[in-house]
Amino acid sequence: QVQLVESGGGLVQPGGSLRLSCAASGFTFSTYTMNWYRQAPGKQRELAALITSAGDITKYLDSVKGRFTISRDNTKNTVYLQMNSLKPEDTAIYYCNAFNYARGYEYAYWGQGTQVTVSS
């Protein structure tokens, strides 16, 4: 069955770094756009970063540009989110998402989320 398993979250001080990982299985990872969403308490879920299936295009939420880097390894079926210069406003649950559109159908899978807390 399809699985997306996030890891790497935790508590970090402002200015610190974390690297999130999302290991995928049960679908053809290399054909899916991979996304990292986040949801802070009391706020809507927002798209933080995406990377296309081949890894040739990345896009970022304005507030994380220059601080976050999304990457993928299609040989390991894994997507990463390197987060540097973290701020308290980055505190959220981070979710891994896989998305594909083929033959008129949308395919979307979600991980269970990993908590990131930025606090001194």
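Visitor: Where is R103 placed?
Guide: R103 sits in the loop between β9 and β10 (105–110). Strands here are DSSP runs of E with at least two residues, numbered from the N terminus. The model is predicted, with local features needing pLDDT of at least 70 and side-chain atom pairs counting only at pLDDT 80 or more, while totals for chains, interfaces and linings use all residues. Residues are numbered from 1 along each chain as its sequence is written, and side-chain values use heavy atoms, with hydrogens and water left out.

Visitor: What is the phi of R103?
Guide: R103 has a positive phi of about 55 degrees, although it is not a glycine. Most residues other than glycine have a negative phi.

Visitor: Is R103 buried or exposed?
Guide: R103 counts as exposed, at 71% relative accessibility. The classes are buried under 20% relative accessible area, exposed over 50% and partly exposed in between, with a 1.4 Å probe and protein chains only.

Visitor: What about S85, which loop holds that one?
Guide: S85 belongs to the loop between β8 and β9 (92–102). The phi of S85 is also positive, near 50 degrees, and S85 is not a glycine. With a relative accessible area of 40%, S85 is partly exposed.

Visitor: Changing topic: in what order do the strands of the open sheet run?
Guide: The order is β1-β3-β8-β7, 4 strands with antiparallel pairing. Two strands pair if DSSP finds at least two bridges between them. At the edges are β1 (3–7) and β7 (68–73), each of which pairs on one side only. From one strand to the next, the twist averages 15 degrees, with axes fitted as lines to C-alpha atoms and angles running from 0 to 180 degrees between N-to-C directions.

Visitor: How many bridges link β7 and β8?
Guide: There are 6 bridges between β7 and β8 (residues 78–83), in the antiparallel sense. Within this pairing, I70 stands opposite L81 in β8.

Visitor: And N35, is it buried or exposed?
Guide: N35 is buried, at 6% relative accessibility, and lies in strand β4 (residues 33–39).

Visitor: Which residues does N35 contact, leaving aside neighbours within four places in sequence?
Guide: N35 is in contact (heavy atoms within 4.5 Å) with L47, A49, L50, Y95, C96, N97 and F99. The side chains of N35 and N97 are joined by a polar contact of 2.7 Å; the term denotes a pair of N or O atoms within 3.5 Å, where within protein one must be able to donate a hydrogen and the other to accept it, and residues adjacent in sequence count only if both atoms are side-chain atoms.
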